[in-house]
Each structure stands twice: as C-alpha cells, then as structure tokens.
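Dear colleague,

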Amino acid sequence: MKKIIVIIVLLVSFYSCNDGKKTKSITVEDKEELQSNQEMTSSLSDIDSSDYAARGLEYALNAQAVLGKNLLQAIQNDGTLGALSFCNEKAYPLTDSMAVVQQVRLKRVSDKPRNQNNQASAEELEHIETYKNSIANQEPPMPLVTQTAAEVNVYYPILTNAMCLQCHGQPKNIESSTLKKLTILYPKDKALEYDVNEVRGIWRVTFDK
C-alpha cells in the first residue's frame, strides 16, 4: 500500500511539473512498474472480496442459527404444525431483527418459494443454479460476492436437512394435517418435493462498503 501511495505522489508531481507539456514515451521499465502496480491493485481487490465474503457469510449464518433455534423450539412445543405457525408469523420479524442488529439487509429467496414475496430475481436465479451445480458436483458451497460502488451483496445457499422435509419433502410423505395447513397458509406454495441436501434457496446479505 505504501508503494502505491508513493507512486501516486510521484505521478501527481510529474504531471504538475510538466504543466500539460508532452512527456517522454513510456520505457520498458515504466511498463513493468505499471504492470506490477496493476497486479497489486488486483490482489488488494481479491482481499477485499474475500473479506466481504467472510462478513456476509457470518451475517447469514447468525440469522440462520437464530431462525433454526426458534424453529426447533416450535417443533418441540407443538410439532410440525407449530413449525408452520412459526414460519408464517415469526420468521420475517426475526430475520428483520437480525438485520437491524447486524446493520445489514437480509433476505431469503428461492426459485420455488413458499411465500411469493421470496421469489428470486433473474440474477438470484443464476446464483441458485450455480449452487445447485456445486452441490451436484459434491463441491462445498462458497459465498458469492457482487459489488457496486456503494454496497456489497453476498449470497449463500440454504440447504435442506431431514427436519426441513417435514414441510418441504414429497407430499406423500408429509402429514395430511400439515399439507392441509400449507394449502391454507400458502395457496401458491411451490416449496415441496425436496430431498436432503438440496438447494431450497439462498440468503442475500447486503451491506454498505
């Protein structure tokens, strides 16, 4: 970083002293130094991206842990129907609370949403497909990072486990009372027919740079 600052200072001084006059052609040494600087900048960008990925993953997993803990408690207290009530009434407020605490924006989206407000955008659908391919190839999922000038978006998959299948599995394997309540709460439900370790959706974590 010190090297980059020194180079910037030298360049500013150089152009100031020349006062708009033509300068000499770039030498081989100049080109090599410029290439070195570009490589350093690229390396710094990679470090930033890695840091953003780690931060975004931490935010997503913190929220997921809180939701999972409360969902498990609801199942223990009132069974699968209790889990449905929790997801319908408290999942959104809890997610919003975690977003406020962590000073980020949190969203869960899917290509097969239960709640239509969670429908993935075109860009998010591409990320979901990326994760599906990773899981199919038995590759560990890694956070995906996109950036604008002002903010960072980090994506991470939501994978199914055995507990999820009580409400998201094959309809023939879901209790009839659960299916009935799903129809009432989510008449346009698409979040069914999953198996274990499948991508049910993704977290989208957004925060300012």
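T160 touches Y194, D195, V196, N197, E198 and R200, leaving aside residues up to four places away in sequence; contact means heavy atoms within 4.5 Å. This is a predicted model, in which local features need pLDDT of at least 70 and side-chain atom pairs count only at pLDDT 80 or more, while totals for chains, interfaces and linings use all residues. Residues are numbered from 1 along each chain as its sequence is written, and side-chain values use heavy atoms, with hydrogens and water left out.

T160 lies in the loop between β3 (151-159) and α5 (165-168); helices (H or I, at least four residues) and strands (E, at least two) are DSSP runs, numbered from the N terminus. T160 has a relative accessible area of 4% and is buried (under 20%, with exposed over 50% and partly exposed in between; 1.4 Å probe, protein chains only).

Turning to the sheet, four strands form an open arrangement in the order β1-β4-β3-β2, with antiparallel pairing; two strands pair if DSSP finds at least two bridges between them. Its edge strands, each pairing on one side only, are β1 (105-109) and β2 (144-147). Five bridges join β1 to β4 (residues 199-208) in the antiparallel sense, and R108 has W203 as its bridge partner in β4.

Helix α3 (residues 91-102) packs on the sheet, where it touches β1 and β4, and its direction makes about 145° with that of β1. Axes are lines fitted to C-alpha atoms, for helices over the stretch in contact, and angles run from 0 to 180 degrees between N-to-C directions. Helix α4 (residues 122-136) lies across β1, β2, β3 and β4, at about 125° to β4.
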